[in-house]
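Please look over the model below. A short report on its interface and selected segments follows.

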Amino acid sequence: MKNPFVMGCGEFHVNYKQDMAIWKISRVRVRVMIMVALLAIFPLIASDYIVGLATLCGIAAIGAIGLNILTGFTGQISIGVGAFLGVGGYTSAILTAKLGLSFWIAMPTAGIITAVVGGLFGLPSLRLKGLYLAIATLAAQVIILFVISRWDTLTGGTAGMVLSRPEIGSFVFNSETSYYYLMFVILVITTIFTLNLFRSRVGRAFIAVRDRDIAAEVMGIDLFKYKVLAFIVSSFFVGVAGALLGHYTMVVSPELYSITVSIEYLAIILVGGLGSVFGSIYGAVFITLLPVFLRTGVELLSGVFPDLSNVLNGMKEVVFGLVIILFLIYEPEGLAKIWKNIKDYFKLWPFSY
Amino acid sequence: MAFFLQMLVTGIVVGSVYALVALGFVLIYKSSDAINFAQGEFLLIGTYVCLTLITAYNIPFIAALFIALMFSAILGFVIERIVLRPFIGEPVISMIMATIGLSSALAGLVHIIWGHETRVFPQIFPEAPVRLGEVVISPVYIWSLVIVVIMLVIFTFFFKFSKLGIAMRATADDQQAAMSMGISVKTIFAVSWAIAAVVSAVGGILLGNINGVNASLSAIGLKVLPVAILGGLDSIPGAIIGGLIIGVIETMTGGYLDPLVGGGLKEVMPFIILVFILMFKPYGLFGKKEIERV
């Protein structure tokens with residue numbers, strides 16, 4: 001068998017089928033399979049803390065892929081992801097805790113309810129775009145959060161609600177490792193679905209809307225339908241991520257879904273790469289681990305600067321803001337592009353292009 | 001009736017501060033097509049600088065105000081030069097994310113330097129309330145209104161008669177034409193960021209005198225969005241009228257509806273209005289309608 005980690009020396013497609021394939025050459029498929037297998041066995045050797053972090057990264061990645069469908073692929077900026085995560089989390093919480101339904105029904109329902117809410121707040125996209133739409137989604141964020149924190153009888157108000165871990169028969173997903181696998185399966189399904197979505201008619205329509213909406217309309221794409229559809233598909237995954245997050249942390253409360261979360265998700269897709277499925281995953285890992293590394297760094301330096309830990313929260317914000325700005329200035333296409341550049345370097349080596 | 005009038009007066013004062021901050025916001029949008037999500041942090045920094053000068057260095061209020069405004073202007077210049085200049089002509093999302101990143105970084109700096117607790121300005125305006133018929137008004141409110149009106153008049157004259165003001169209007173109208181008339185568009189961008197930082201600082205200092213200063217003051221930065229959208233994103237008179245309307249509606253909601261729903265509606269009301277404006281009249285009361293050509 002050929003070594004799967006040897007790079008192909010260029011892409012030579014002779015028909016459309018080859019051009020549209022997810023894995024351009026069979027070696028890439030083997031390579032991806034090996035990576036997936038490594039990710040699948042890694043919790044068996046890693047510590048609970050690391051597996052927990054990986055779970056958080058994965059859940060963020062599911063939500064980020066959802067947001068990327070809307071913002072990266074369809075070009076509709078949304079500053080309301082935080083609230084949509086909240087809708088997902090709360091739907092699942094209410095269905096499991098108040099109505100006693102099982103997690104396996106509650107999670108897809110959370111996705112569907114969030115999709116409906118997302119579609120509803122996508123309706124203004126009929127008339128608005130760019131900046132104005134971004135502001136409309138910001139209003140969605142504020143209003144949804146207000147409803148959640150005031151509808152005491154349903155949501156428990158500002159105190160929030162307590163959730164339980166999902167179970168199959170007598171097996172409860174209590175350990176970090178088991179929840180990691182639950183997240184992993186859903187992340188893989190999300191990734192495969194999204195990769196295939198953008199090989200389909202609907203996905204191409206999304207991209208056409210992003211690139212030039214008027215030109216897309218001239219070519220017969222129903223703008224309104226596809227914009228709202230993008231909101232619906234995107235919110236579905238965000239809702240699923242919200243439900244997963246709720247059952248993982250076992251608590252939902254309004255302050256977990258503030259505008260900071262929306263900004264964090266926007267930063268994820270921006271740092272990862274707009275319009276890149278794998279980029280969303282890289283971005284999610286990067287942004288989720290950033291505060292962790294920062295804290296470790298501060299702890300290491302606390303011997304030299306003992307006051308440093310007092311300003312950790314402020315420093316987190318500063319670093320977060322700087323990361324966004326620096327990526328925007330130096331690599332607007334994000335980590336996905338950086339990774340591609342590295343691969344291209346080896347693909348073309350020893351020539352520069 | 002007295003309650004209504006009281007609410008009206010409070011609303012107008014709060015609204016006039018919104019108008020002032022929205023003015024800076026609209027100015028940036030008009031000149032460089034950028035939405036500034038860091039407006040709230042500009043406000044916060046200006047306020048904290050003024051407060052620190054007064055409390056830690058015992059500088060008289062007027063001098064402290066002047067230094068704080070100078071500082072804000074320089075801050076605006078520097079930020080435009082370092083952060084925003086690379087994004088001229090970039091897609092909307094880059095611009096939005098750049099200012100969001102900026103706001104996060106500035107908010108972090110404020111937390112590091114000044115911490116989280118609420119601070120109060122020392123007594124600057126006289127304390128004894130003024131009675132107008134049935135309405136009781138504290139002097140801070142009157143002074144705020146006076147200062148805001150003076151600022152707005154100054155800016156109206158500035159845009160109408162000064163060379164720089166006319167250049168700014170020309171740039172907002174048509175960048176290429178302005179360039180060909182020898183106007184440095186880059187200078188205009190820098191000046192509009194500086195002015196935006198200055199007016200936010202004034203707004204922040206006034207609000208800080210009324211309510212005390214803490215990090216939540218920067219929420220004004222988001223509340224300016226409904227104001228600017230209501231008036232029309234590119235209209236300066238629109239920002240002023242929009243500010244007054246939103247201020248009054250918000251205070252009225254706080255007075256009449258909040259007791260019914262248990263509070264919190266006051267903060268959300270501007271955004272509910274925002275959704276309706278966007279649905280029915282997206283370019284606001286005075287905004288210029290964008291016509292797209294293929």
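## Interface between the chains

How many residues of chain B are in contact with chain A? The count is 34 in chain B, against 38 residues of chain A. Contact here requires C-beta atoms, placed from the backbone, within 7 Å.

Three helices of chain B each give at least two residues to the side that touches chain A: helix 4 (92–114), helix 9 (220–231) and helix 11 (265–280). Helix 4 of chain B has the largest share, with 16 residues. Helices (H or I, at least four residues) and strands (E, at least two) are DSSP runs, numbered from the N terminus. By class, this side of chain B holds 26 nonpolar, 7 polar and 1 charged residues. Nonpolar covers Ala, Val, Leu, Ile, Met, Phe, Trp, Tyr, Cys and Pro; charged covers Asp, Glu, Lys and Arg; the others, Gly among them, are polar.

## Model and numbering

The model is predicted: local features need pLDDT of at least 70, side-chain atom pairs count only at pLDDT 80 or more, and totals for chains, interfaces and linings use all residues. Residues are numbered from 1 along each chain as its sequence is written, while chains are lettered from A and ligands numbered from 1 in the order in which they are written.

## Annotated segments of chain B

An unreviewed UniProt entry places the feature "transmembrane region" at several stretches of chain B, including 65–84 and 268–286. Such annotations may be inferred rather than shown by experiment.

Residues 65–84 of chain B are 100% helix and 0% strand, with end C-alpha atoms 26 Å apart. Residues 268–286 of chain B are 68% helix and 0% strand, and their end C-alpha atoms are 23 Å apart.

Key:
Two residues are in contact if their C-beta atoms, placed from the backbone, lie within 7 Å.
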